[in-house]
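Could you walk me through this structure, from its charged side chains to its aromatic rings? I would like to follow along with the model open beside me.

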Amino acid sequence: MRRIIALLILVIPGFLAGYGIKLMRDMTFGILQAPIPFLWLQFLLGLILFLGGLGFVAGFIFHRDRKRNKVQTRFSNTKK
């Protein structure tokens with residue numbers, strides 16, 4: 001059950017990042033999506049969604065690897 005929950009936690013931000021890429025791509029080709037009034041706003045929203053989703057997934061993986069001591073020594077949280 002924990003693995004399914006962890007998968008869902010990673011899939012939802014992954015979909016948001018994918019949608020952000022789609023919004024940025026559509027802005028490049030001049031396709032304006034319905035609820036967004038300006039192309040520059042569409043690109044900005046897509047960039048925020050992409051960076052937010054990517055940052056969440058990367059932080060989740062980094063946190064998991066840090067707990068399992070699979071990171072470099074400079075990233076480990078051992079107190080000296």
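This is a predicted model: local features need pLDDT of at least 70, side-chain atom pairs count only at pLDDT 80 or more; totals for chains, interfaces and linings use all residues.

Here is a short tour of salt bridges, a charged patch, aromatic pairs and one backbone angle.

Residues are numbered from 1 along each chain as its sequence is written, and side-chain values use heavy atoms, with hydrogens and water left out.

Let us start with the salt bridges, of which the structure holds three. The term stands for a side-chain nitrogen of Lys or Arg within 4 Å of a carboxyl oxygen of Asp or Glu. Lysine 22 and aspartate 26 form one of them, at 2.6 Å from N to O. These two residues are four apart in helix α1, so about one helical turn separates them. Helix α1 covers residues 2–28; helices (H or I, at least four residues) and strands (E, at least two) are DSSP runs, numbered from the N terminus. Aspartate 26 also meets the side chain of arginine 25 in a salt bridge, with 3.5 Å from N to O. Through shared partners, Lys22, Arg25 and Asp26 are joined into one network.

How well covered are these residues? Buried means under 20% relative accessible area, exposed over 50%, and partly exposed in between (1.4 Å probe, protein chains only). Aspartate 26 is buried because its relative accessible area is 5%. Lysine 22, at 29%, counts as partly exposed, and so does arginine 25, at 44%. Elsewhere, arginine 64 and aspartate 65 make a salt bridge at 3.4 Å, N to O. Here arginine 64 is partly exposed, with 35% relative accessibility.

Arg2, Arg3, Lys67, Arg68 and Lys70 form a positive surface patch. Patches are made of residues with over 30% relative accessible area and no salt bridge, where like charges are joined within 9 Å and nonpolar side chains (Val, Leu, Ile, Met, Phe, Trp, Tyr) within 5 Å. Lys and Arg count as positive and Asp and Glu as negative, while His and the chain ends are not counted. The place of a charge is NZ of Lys, CZ of Arg, CG of Asp or CD of Glu, and accessible areas come from the Shrake-Rupley method with a 1.4 Å probe, where for residues only the protein chains shown count as cover. Arginine 3, in helix α1, is exposed because its relative accessibility is 75%.

Now for the rings. A search of the whole structure finds two aromatic pairs. Phenylalanine 38 and tryptophan 40 are stacked, because their ring centres lie 5.8 Å apart and their planes meet at 15°. Rings of Phe, Tyr and Trp (its six-membered ring) pair if their centres lie within 6.5 Å, and planes under 30 degrees apart count as stacked, over 60 as edge-to-face and the rest as tilted. Phenylalanine 38 is partly exposed at 44%, whereas tryptophan 40 is exposed at 57%. Phenylalanine 62 and phenylalanine 75 make an edge-to-face pair, 5.7 Å between centres and 90° between planes. This pair links distant parts of the chain, 13 residues apart: phenylalanine 62 sits in helix α2 (residues 39–67) and phenylalanine 75 in the segment after α2.

One last stop is asparagine 69, also placed in the segment after α2. Most residues other than glycine have a negative phi. Asparagine 69 is not a glycine, yet its phi is positive, about 55°. At 62% relative accessibility, asparagine 69 counts as exposed.
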